[in-house]
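Here are a few notes from going through this one. Have the structure open while you read.

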Amino acid sequence: MKRCKMAMARLVACIVLYTSLGHIPSSLGVILRTTDKIVWANEFEPIELTCLIESISTNNPRIEWKKIKNGVPSYVYFQNKISGDLENRAQLREPANILIFNTSRADTAEYRCEVAAIEDQRDFDEILISLAVRVKPVVPRCSVPESVTVGTSTELRCLENEGFPASQYRWFHNNEELPQDPKTSQRFVNFSYIINPDTGSLKFRRVRKEDAGEYYCQAKNDAGNAQCSPKVMDVCDVDVLGIFLQSCGGLMAVVTLIFVIYLMKRLCCYKSVYNGNNYNTPAQAPAIDYADADEGHFRHKSSFII
């Protein structure tokens, strides 16, 4: 009997010690756990968020689920029914799991499972789960020039904005994948291009005749991949005759312009000399009077002709 009393005293002391340290034995409080605190799911596929009750004494605990998006909480399971964003798309499974039938990209958020057990000494526990929904890329927009000249630089572009996580990009030439670093492949060791898998850019420093052909791009992430239709890029030789004719045309344009300016200056000088303000008609020489001083004698003027 004495030994039983001593054992009881030790048990009470342990309980007091655990309580003072903030630790409560499992039999005296509700305790939750989950199989995954970070969950990934593919869009339109089912996913289950686990909220497992390891210990509880209350027969009918209150179970609630909340969705936390951008720091704002909202109910998805409240008063024994699914509500909010998951209404008609989810159900509660024993003991407190949430099964989402077809996930959407809008379901990406944090979810908090809360269990209240009024008959337990520790009457409340919660657990936080992060859900990220992967989204398959859509067909990327590809930009491939139709024709480029040998020795010049050019850039091919590829982009899509729907995939999550962000897509990585790969380029294919004549149905053969271009390695990110051409020097790592004997087949492409003489190629001079740079691929950026994050932005989808394919840059050629100096285009060669061998670079001609079909090109297409593929966007890929953990949810899947998508690619654009192949487009042909032609590589042309340098057009020496065209450059010569273009140069001659430019030279002729300069000569013509100089000639026109010269003619305009000449015309301006001609107008300044012969305009009505500066040109004066020479005055006629006065008539010479050869008459004598006496009136009535014959007057012989310079205009008289014999």
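**Notes on the model**

1. Let's start with the sheet: six strands form an open sheet with mixed pairing, in the order β2-β11-β10-β5-β6-β7. The edge positions go to β2 (38–42) and β7 (81–82). Each of those two has a single partner strand, so one side of each is left without a neighbour in the sheet.

2. At the β7 end, strand β6 (residues 72–78) runs antiparallel to β7, and two bridges join them. If you want a residue pair to look at, phenylalanine 78 has lysine 81 in β7 as its bridge partner.

3. Now for the surface. Which residues make the nonpolar patch of about 330 Å²? They are Ile38, Trp40 and Phe164. Phenylalanine 164 sits in the loop between β14 (154–159) and β15 (168–173). Its relative accessibility is 38%, so phenylalanine 164 counts as partly exposed, since that class lies between the 20% and 50% cut-offs.

4. On confidence, keep in mind that this is a predicted model. The protein's average pLDDT is 82, and 75% of the residues score at least 70.

5. Two stretches deserve a separate mention. Across residues 11–26 the pLDDT stays under 50, and the model gives this stretch seven contacts beyond four places in sequence. Residues 287–306 also have a pLDDT below 50, with twelve contacts in the model beyond near neighbours in sequence.

Conventions: Residues numbered from 1 in each chain as written. Predicted model: local features only at pLDDT ≥ 70, side-chain atom pairs only at ≥ 80, totals over all residues. Heavy atoms only, no water. pLDDT = per-residue confidence, 0-100. Contact = heavy atoms within 4.5 Å. Patch = residues over 30% accessible without salt bridge, like charges linked within 9 Å, V, L, I, M, F, W, Y side chains within 5 Å. Areas by Shrake-Rupley, 256 points an atom, 1.4 Å probe, with all protein chains shown as cover. Salt bridge = Lys/Arg side-chain N within 4 Å of Asp/Glu carboxyl O. Helix = DSSP H or I, 4+ residues; strand = E, 2+ residues; numbered from the N terminus. Buried < 20%, exposed > 50% of the residue type's maximum accessible area, 1.4 Å probe, protein only. Pairing = 2+ DSSP bridges.
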